[in-house]
Amino acid sequence: MSWKVFIDGEVGTTGLQIRERLEARPDITLVSLDESRRKDLSARADSAREADVAILCLPDAAAKELVAALAPGEAKLIDASTAHRVDPDWVFGFPEMAEGQRDSVARANYVSNPGCWSTCAIALIRPLVAAGLIDPSSAPSVSGVSGYTGGGKAMIAEFESGEVSGAFLYGAGQAHKHLPEITKHGMLTAAPVFVPSVGHYAQGMAVAVHLPARGAEGVASAETALREAYDGARFVSVVPASVDEPRVMPQRLNGTNRMELSVHGNPATGAVTLIAVLDNLGKGASGAAVQNMNLMLGADEGAGL
């Protein structure tokens, strides 16, 4: 069996990594456009129609433009932008998120690929909301660090040109583009308080969700909720806190489609910190897109990963 896949935006950071994962696969034929036609909406739409799945690695406006150029159901699409992550007509492409989510992705015509920050935050928050360990209205605190490749071409250029000399915080104004999807798919009724940071390294991510005191059983109950949520998951696992202590290394899963979750805390105070580690260009972007593509095509979910 051979499938055709069109990557709209294949020369960008995420598109290039998707292409690398697919071009060696004998079951995939890549549909490509000449450089002179990559911004031609008609040519892009025709390529999407030709393909069994089209993956959009584009700015939000360009992704919306292509979707609007296609008739409903005319092409199967995976959108890696933020344009459709809270759209009810699109399936959120985090197969491990909830029971039945994998089947929903497999049946979908339109899948919105999660962002790297939101994959981590939702993975940690949603099971605890479901278990009654996080009040949906409590606005949990989220922080973390990502490699600069998560910021796209402009940020990559800043770091690699030497314009940026170190790490920095951003998004303190609480208007980060991932907040709507974290709130919706984390089953929250109030947006979390989210302050991310960018490290002076290319790739890799660690995200922390901080909870108020949960008593002596706080760590154990949180870990139980996560283990039950991801029992049997192929790419998401719960690991002992000792894997990350005394330092959390955000680059340790680079080059994989894996995400590892751990629960840390102080038994004396009952304070709990949940941590997720992944490759922001793997399970946080291109790896997730390939995983969703495999499900939509009926291929082995881990093919190319």
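Two strands pair if DSSP finds at least two bridges between them. Six bridges join strand S7 (residues 141–146) to S10, and the two run antiparallel. Helices (H or I, at least four residues) and strands (E, at least two) are DSSP runs, numbered from the N terminus. This is a predicted model, in which local features need pLDDT of at least 70, side-chain atom pairs count only at pLDDT 80 or more, and totals for chains, interfaces and linings use all residues. Residues are numbered from 1 along each chain as its sequence is written, and side-chain values use heavy atoms, with hydrogens and water left out.

**Overall form**
- The protein has nine helices and 13 strands.
- Its radius of gyration (taken over C-alpha atoms) is 19 Å, close to the 19 Å from the globule rule (2.2 Å times the number of residues to the power 0.38) for 305 residues, so the protein is as compact as a globular protein of that length.
- Along the principal axes, the C-alpha atoms fill a box of roughly 60 × 45 × 35 Å.

**Burial and contacts**
- Of the 305 residues in the protein, 53% are buried, meaning under 20% relative accessible area (1.4 Å probe, protein chains only).
- Among contacts (heavy atoms within 4.5 Å) between residues at least 6 apart in sequence, 70% join residues at least 24 apart.

**Strand S10 and its partners**
- Strand S10 (residues 205–211) has six of its seven residues buried, so the rest of the structure largely encloses it.
- Seven bridges join S10 to strand S13 (residues 271–278), and these strands run antiparallel.
- Ala-208 in S10 stands opposite Ser-143, and its bridge partner in S13 is Ile-275.

Terms used: Buried means under 20% relative accessible area, exposed over 50%, partly exposed in between (1.4 Å probe, protein chains only).
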